[in-house]
Structure formats: C-alpha cells, structure tokens
Amino acid sequence: MAFSSPSLLLPHHPYSLITSKQHLFLSFNSHESSPSSFPVKAPLVVAAVSSKSSTGTKPKSKSKAKTPPTPPPPPPVTEDEIGTEESETVNIAEDVTQLIGSTPMVYLNRVTDGCVADVAAKLESMEPCRSVKDRIGLSMINEAEDRGDITPKKSVLVEPTTGNTGLGIAFVAAAKGYKLIVTMPASINVERRMLLRALGAEIVLTSPEKGLKGAVDKAKEIVVRTKNAYMFQQFDNTANTKIHFETTGPEIWEDTMGNVDMFVAGIGTGGTVTGTGSFLKMMNNDIKVVGVEPSERSVISGDNPGYLPGILDVKLLDEVFKVSNEEAIEMARRLALEEGLLVGISSGAAAVAAISLAKRAENAGKLITVLFPSHGERYITTALFSSINKEVQEMSH
C-alpha cells in the first residue's frame, strides 16, 4: 500500500503567531489572517526554541529543578486604563469549542519503578468531551465549513463510529447547530449511546458481526438518500492529521521546552501519532516516535498486516510497540490507584509502552512523552472496572 508523504498532508514553513482580542492562536501560514481553531497557553515562538537549553544542556531532572526567581511586581494601573485592561484580558471562551486543546502534561511518579528516563503524560482526557477526538471533531467540521461543503442548520452530518470520534463530532455539532447521524455496531455499550443521544445525535445501529465496516456501509447509504448529507471519513481525512501537527505537537514542544526525546501514542486512525510525530521530528529529527497497538490484533507489526488508515505514515514510526489488553487494563487501574489519573484502556496501553521504553538503559536521562487519549469514566461498564462494578453492586447498608 502506498503511503502519503507527511509533506503532502501537513503545512510548511513559514509559520507565525497571530493574536485575537481574547485568545492567542497558532498559525502555520503567514499569509493567512484567520486564526487557527485552537488557543495556545502562551506565545509559542517555535523558531526561537532549540532542542537544548540556553546553557547547551538539558534541564535537570524534575526532582532537582530550581525554583525560578520571583518576577518584579507589575506597574500600577491607572483609573483610565482599568476599562481597557479588563476588556483585553478577559479569559472567557466564546463557546465550548475554544476550550479544545492546550491540555496539561504531568510526570508519572509511582508507576515508574525501575525507569531510568522520565515519563510525562499529556492528558487528552481533560478535553471538554474527555477525548483526544475532540480535536479532530472540530478540525474536520471547520475544514468542511471552510471549503463550503457544510453549513450549520442546513447540512446533515453522518459518520460511522465506535464512540470517541462520534462524541467529538457530536458536541461540536451541538455547539454549531448541526444535525448529526452516527452509525455504529450494536455491540457498542449503552453508556456510549446515551452520551451521543444526550448531545443530540441520532443513532443507527448495525450488525455487530459486520463490525465497523458495517457501520461505514450504512453511513454511505444514509448519505446517498439524505438531502444535504455529508460524511467526514475520518480514516482518510487529512484534517485528522493536520490538527495534531498544528496543535498537539507544538503544545508538547512548548511544555517540554524542546527537550522531549521520545513521543509515544496509540496508532488508531493514525492521525495523532502522524501529525504530532511529524511536527516533533520537524523540530528535532532525533526525536523518536513510537506507535502502540494491541497485540491481539496487530495491524502494522503483525505477521499478516491488516487495514492501514490512509492518513497513517508508517515510515514516521521508529518503533511499533505491542501491548495486550490485559496489560493495558492492569496499567490503567494502576494509573488511577497510584497516580490519581482516571484514564481509559488505550491510555493504559500507551503507558505500558512508555514505561517499558523508560526502563531501557539506552534511554537513561531522557524525557519520554506519552499521550493519554481518553478519560476513564467512558469505560465504567467495560472490563476496566468489572471487578469494582461487582463490588459496588453487592454493597449493602
């Protein structure tokens, strides 16, 4: 199968910063005046950041970091300036979509015994709708709007999904005024369906035996017979990759001050690992990008490779790490109990890979970043919490 070069999917230099009245936005085209979809936490001067600190060496370990000096107090504000100052610094989003992105990073501490490298997790579980798919939900809708393919209150959005992408599209559709129809296998749990319905999505169930392919076929049927219908096709939609190149990658680079050595993420549709990894390698080609996939159904690293999403750039991956479902569940439980991080099964799998890499002698002193894609509350009725479910069901007063 031929793979698209990242250069065909991703924006090029030059890139620059532009500001709006309320928020900072990152733009990768100096000739465009419209802001990007996502706010960044602080001015990100990418070209001025090196992969090393100003002293030529990496910052000290987190346990030895020095407290920065106290900045001088700001100058007093006169009465004439109060009204202007308030209007320029108000920090209120215009709608929920402006809360997407700029997710925090945190070191893992208690689950990293035996590690010789630091591991820092990017918490996409703290997105407004609790998943990394919030980013592509907004990105795909915005891109389609910019092309004139869809219009709020007129177009009908249709998308096959097994959950998180559907929810990412659903909450953005609700905020923008779109009708959404999602198709999904009937095997998807009731809680996931309830969340979609709560956000106003219409659900069409398909045969569980046909899996996601059955949902895709049904979505195509609906598009053909529905006026003003539009299907995003997330597995081949370049907006999926582009948004991670424009936001997730720069956020990691900024938060680590360019000192990231390795990026670990689940493969899935390929958008996150391709877009984020492409940006990080553009900034420092020595950064390693590691994809994680289930050992039970390996697509890339298996003996018989399966379906590869069109937006996945396999050549970008320095390594593919296989993790069993059992290992992923055990680690996700540990992350909740020992780190206070309630995350999903895919996050557990990514953590297993990152921690294993952090134990390798050749990675001593390095910084490994790992992306946690979703929140644990989305998996309450799954195997992740099955033992707890039984325990609480049997409680009595």
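Is Thr 276 buried or exposed? In this predicted model, Thr 276 is buried, its relative accessible area being 0%, and its place is in helix α8.

**Helix α8 and Thr 276**

- Helix α8 runs over residues 271-283 and has 13 residues, and the 18 Å from its first C-alpha to its last is close to the 18 Å expected at 1.5 Å a residue.
- The helix is mostly covered, with 12 of its 13 residues buried, and among these buried residues are Gly 271, Thr 272, Thr 276, Phe 279, Lys 281 and Met 283.
- Leaving aside residues up to four places away in sequence, Thr 276 touches His 244, Phe 245, Thr 248, Gly 249, Ile 252, Phe 263 and Gly 271.

**Aromatic pairs and a charge over a ring**

- The structure holds 2 aromatic pairs; in one of them the ring centres of Tyr 230 and Phe 232 are 5.3 Å apart and the planes stand at 75 degrees, so this pair is edge-to-face.
- Tyr 230 counts as buried at 17% relative accessibility, and Phe 232 is buried as well, with a relative accessible area of 3%.
- Phe 245 and Phe 279 also form an edge-to-face pair, with 5.6 Å from centre to centre and 80 degrees between the planes.
- This pair links distant parts of the chain, since Phe 245 lies in helix α7 (residues 238-255) and Phe 279 in helix α8, 34 residues apart.
- Phe 245 counts as buried at 3% relative accessibility, and Phe 279 counts as buried at 0%.
- Elsewhere, the charged end of Arg 192 sits over the ring of Tyr 379, at 5.6 Å from the centre of that ring.

**Salt bridges**

- The structure holds 14 salt bridges, one of which joins Glu 251 to Arg 135, with the closest N and O atoms 2.8 Å apart.
- Glu 143 and Lys 242 meet through their side chains in a salt bridge of 3.2 Å, N to O; Glu 143 lies in helix α3 and Lys 242 in helix α7, so the pair ties together parts that are 99 residues apart in sequence.
- Glu 143 is partly exposed, with a relative accessible area of 23%, and Lys 242 counts as partly exposed at 23% relative accessibility.
- Glu 338 forms a salt bridge with Arg 334, the closest N and O atoms being 2.8 Å apart, and both residues lie in helix α9 (residues 325-339), 4 residues apart, or about one turn of the helix.
- Glu 338 counts as partly exposed at 23% relative accessibility, and Arg 334 is partly exposed with a relative accessible area of 27%.
- Salt bridges that share partners bring Lys 122, Glu 124, Glu 127, Arg 135 and Glu 251 together into one network.

**A loop residue**

- Phe 235 has its place in the loop between β8 (229-231) and α7, and counts as partly exposed at 22% relative accessibility.
- The C-alpha atoms of Phe 235 and Leu 312 are separated by 8.7 Å, although these residues are 77 residues apart along the chain.

Key: Residues are numbered from 1 along each chain as its sequence is written. This is a predicted model: local features need pLDDT of at least 70, side-chain atom pairs count only at pLDDT 80 or more; totals for chains, interfaces and linings use all residues. Side-chain values use heavy atoms; hydrogens and water are left out. Helices (H or I, at least four residues) and strands (E, at least two) are DSSP runs, numbered from the N terminus. The expected span of a helix is 1.5 Å times one less than its number of residues. Buried means under 20% relative accessible area, exposed over 50%, partly exposed in between (1.4 Å probe, protein chains only). Rings of Phe, Tyr and Trp (its six-membered ring) pair if their centres lie within 6.5 Å; planes under 30 degrees apart count as stacked, over 60 as edge-to-face and the rest as tilted. A charge sits over a ring if NZ of Lys or CZ of Arg is within 6 Å of the ring centre and within 35 degrees of the ring normal. Contact means heavy atoms within 4.5 Å. A salt bridge is a side-chain nitrogen of Lys or Arg within 4 Å of a carboxyl oxygen of Asp or Glu.
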